[in-house]
Amino acid sequence: MKKAAFLGLDGTPYSLLKELMARGVLPNMEEIFSRGAFVPMDSSLPEVSSVAWSSFMTAEGPGSHGIFGFTDLKPGTYSLYFPNYSHLKGITLWDMVGRAGGKSIVLNMPSTYPAKPLNGIMTAGFVAPDFKKATWPSEAYEYLVSIGYKTDVDTSKGRESHEILAEDLMNTLAKRREAFLHYITKGEWDLFLSVVTETDRLHHFLWHACEDTSNPLHGFFLDFYRAVDLFAADFMDAVQTRFPGTPVVMMSDHGFCGLKKEIYLNYWLRQEGYLELVKTPAQSWEDIGAGTRAFAMDPSRIYINLKGKYPRGAVEPGRQYEGLVSELIDKISGIEVDGEKVIRRVFRKSEAYFGPFSEDGPDIIVLSEHGYDLKGAISKESLSGRGFLSGMHTQDDAFFYCGEDIELPSPMRVEDAGRAIISLMEMV
């Protein structure tokens, strides 16, 4: 088994890196990427971090690891729960390394809360409400607390003040860098996995500052990426100093773009007669009425209210189910807002998911055009609106980099990045 190191930049688009390199903002990354494969990559369906990072860490799609979103419904109910690491059904990269007798250090990987014992060190990325439960072993927890490390920025600050958020982003990135470099140089590892989430937060709250050069925070946006550029260079240098010749992989879990409008799928389903609520505004999915044939969940997931699967199921399996799915795909594909096409493509479950847990996933997955963020909010009283964010995820335009000459599929998907690490470490 060979060694490998990994640095994830959550939500960083391939196209943005290309632009910033052309503008001279990322000299170190430009030099690094010139030495290996730097390619665009597709994210998961849907394009959210919990699904995408689970696909990376297991080198399999949702049909094999069982994570389909940040939220899901408890089987046989309309009751919401939040899947976490304990619900992941796939075998992770660090599980594979451990079974081969190797050690892994896993830092800030989303959707790994609560941390489980492993042959190495782990501190979970978001969502991690209890930092002590997010970290294993206790010595790692004590070190990280001692340097002021934290799992995430305080996003509530982003709603109050973009300037305060900017300061928090820089401070959190600095602590992330300190911890990662400490463990690269002093930890024992065969596989080093680490993720920066501040890039995602920057894009959600300050994408408008990226696009508008006159925005007061445009300079900060560029300065933040200059800091990321130095971080990447220090990461590479630390790995090569400690273990010369170790392959380094970098990637993002999804792309990003500016947000024009949020689109509320449950409102559309209500207007079209597919969703009935026992009261309006609904408080939760438990307010779904008996006449409901379909409902939506964040983000862009449509579920058929099947008899035998849900308490108030109204659709028979078989021909009725298949007919409804076809009807919905046809109608959803034509949704427009202000004369603009909103939907890029609509997938059946059988087109999107493969593996033993595919049936647990949504019946329809909707992929939007850039700028239209598909939401599953159940209480909205309009088809579209705007929140406080200026950026949104895209399923395309993620990036992948590997300094080694390895064969990559085209198009490349996020689970292929996990497979690349398995190949680099010769665990096949």
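Reader: Thr292, buried or exposed?
Author: Buried. In this predicted model, Thr292 has a relative accessible area of 0%.

Reader: Where does Thr292 sit?
Author: Thr292 is in a loop, the one between α11 (265–271) and β12 (294–297).

Reader: Which backbone oxygen lies 2.8 Å from a polar atom of its side chain?
Author: That of Glu276. The distance of 2.8 Å is from the Glu276 backbone oxygen to a polar atom of the Thr292 side chain.

Reader: And what does Thr292 touch?
Author: Leaving out residues up to four places away in sequence, Thr292 touches Tyr274, Leu275, Glu276, Asn305 and Ala314.

Reader: Changing topic. At what angle do helix α8 and helix α9 cross?
Author: Roughly 160°, with the axes coming within 10 Å. Angles over 145 degrees count as roughly antiparallel, so α8 is roughly antiparallel to α9. Residues 162–186 make up α8, and residues 198–211 make up α9.

Reader: Left-handed or right-handed crossing, α8 past α9?
Author: Left-handed.

Reader: Which residues in α8 meet α9?
Author: On the α8 side they are His162, Leu165, Leu169, Thr172, Leu173 and Arg176. Their partners in α9 are Glu198, Arg201, Leu202, Phe205, Leu206 and His208.

Reader: How many of the contact residues are nonpolar, polar and charged?
Author: Six are nonpolar, three polar and three charged, taking the residues of the α8 contact with α9 together.

Reader: Take Leu173 from that list. Why does Leu173 count as buried?
Author: Because its relative accessibility is 3%, and the cut-off for buried is under 20%. Leu173 belongs to helix α8.

Reader: What is Leu173 in contact with, leaving aside neighbours within four places in sequence?
Author: Val196, Glu198, Phe224, Ala227, Val228 and Phe231. Of these, Glu198 is one of the α9 residues that meet α8.

Reader: How far apart are Leu173 and Ile302?
Author: In space, 36 Å from C-alpha to C-alpha; in sequence, 129 residues.

Reader: Last one, Glu415. Which helix?
Author: Glu415 lies in α14, which covers residues 414–424.

Reader: Is Glu415 buried or exposed, and at what relative accessibility?
Author: Glu415 counts as buried, at 13% relative accessibility.

Reader: What is Glu415 in contact with?
Author: Ser55, Ala59, Glu60 and Gly61, again leaving aside neighbours within four places in sequence.

Definitions and conventions
Residues numbered from 1 in each chain as written. Predicted model: local features only at pLDDT ≥ 70, side-chain atom pairs only at ≥ 80, totals over all residues. Heavy atoms only, no water. Helix = DSSP H or I, 4+ residues; strand = E, 2+ residues; numbered from the N terminus. Buried < 20%, exposed > 50% of the residue type's maximum accessible area, 1.4 Å probe, protein only. Polar contact = N/O pair within 3.5 Å; in protein donor to acceptor, adjacent residues only side chain to side chain. Contact = heavy atoms within 4.5 Å. Axes fitted to C-alpha atoms, helices over the stretch in contact; angles between N-to-C directions. Parallel < 35°, antiparallel > 145°, perpendicular 65-115°, else oblique. Left-handed = near helix turned anticlockwise from the far one by under 90°. Nonpolar A, V, L, I, M, F, W, Y, C, P; charged D, E, K, R; others polar.
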